[in-house]
Amino acid sequence: MTTQTKAGWTTAAVLVGRLIFAALFIMAASFKLMDIDGTAAYIASAGFPLPKLLAWLAALFELALIAGFLTGAYFSETALLAAAYVIFLGFAFHGPSRWAANQAEFGFFVDHFTFVAGLLFAAAHGPGHVLAMKRGWNTRQ
């Protein structure tokens with residue numbers, strides 16, 4: 001494979017990966033904003049206080065993550081924050097306390113870690129060469 005061919009497909013892969021990350025958080029934020037009361041009820045069912053406030057904060061945080069993935073600004077920091085958020089969500093809403101009642105919860109829990117793996121890889125390698133504002137601590141590439 002020539003260097004130019006490799007550069008072409010890796011650039012495309014990085015852009016598609018960024019779009020996938022953004023799309024997942026766009027869907028999550030959209031569902032929260034379309035039914036903030038339902039989101040608050042789900043948060044309350046996990047035992048968290050101030051569920052309505054937390055629902056709004058989660059939606060706003062996800063909007064900030066979307067901006068980071070789409071622009072590439074502070075991309076590595078965005079990916080690391082997203083990874084921490086996804087781990088938190090996995091434990092809070094699909095953790096071991098829920099496995100006895102519904103074994104599918106274990107699958108949901110494990111899926112969070114595959115997502116985190118991708119986010120950590122993205123954080124380590126940055127936003128790529130194209131369509132990326134170079135800000136933050138990992139501006140190489």
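**Close-up 1. Helix 4 packs with helix 5 at an angle of about 170°.** In this predicted model, helix 4 covers residues 75-94 and helix 5 covers residues 104-125, and their axes sit 8 Å apart. Since angles over 145 degrees count as roughly antiparallel, helix 4 is roughly antiparallel to helix 5. Look at who takes part in the contact between helix 4 and helix 5: by class, there are 19 nonpolar residues, along with four polar ones and one charged one.

**Close-up 2. Val 110 sits in helix 5.** Here we zoom in on one residue of that helix. Val 110 has a relative accessible area of 35%, so it counts as partly exposed.

**Close-up 3. Eight names make up a nonpolar patch on the surface: Leu 33, Leu 50, Leu 53, Leu 54, Trp 56, Leu 57, Leu 60 and Leu 63.** Taken together, these residues have about 750 Å² of accessible area. Which helix gives the largest share of the patch? That would be helix 3, residues 51-71, with six residues.

**Close-up 4. Leu 63 is one of the residues in the nonpolar patch.** You'll find Leu 63 in helix 3. Its relative accessibility is 39%, which means that Leu 63 counts as partly exposed.

Methods. Residues numbered from 1 in each chain as written. Predicted model: local features only at pLDDT ≥ 70, side-chain atom pairs only at ≥ 80, totals over all residues. Heavy atoms only, no water. Axes fitted to C-alpha atoms, helices over the stretch in contact; angles between N-to-C directions. Helix = DSSP H or I, 4+ residues; strand = E, 2+ residues; numbered from the N terminus. Parallel < 35°, antiparallel > 145°, perpendicular 65-115°, else oblique. Nonpolar A, V, L, I, M, F, W, Y, C, P; charged D, E, K, R; others polar. Patch = residues over 30% accessible without salt bridge, like charges linked within 9 Å, V, L, I, M, F, W, Y side chains within 5 Å. Areas by Shrake-Rupley, 256 points an atom, 1.4 Å probe, with all protein chains shown as cover. Salt bridge = Lys/Arg side-chain N within 4 Å of Asp/Glu carboxyl O. Buried < 20%, exposed > 50% of the residue type's maximum accessible area, 1.4 Å probe, protein only.
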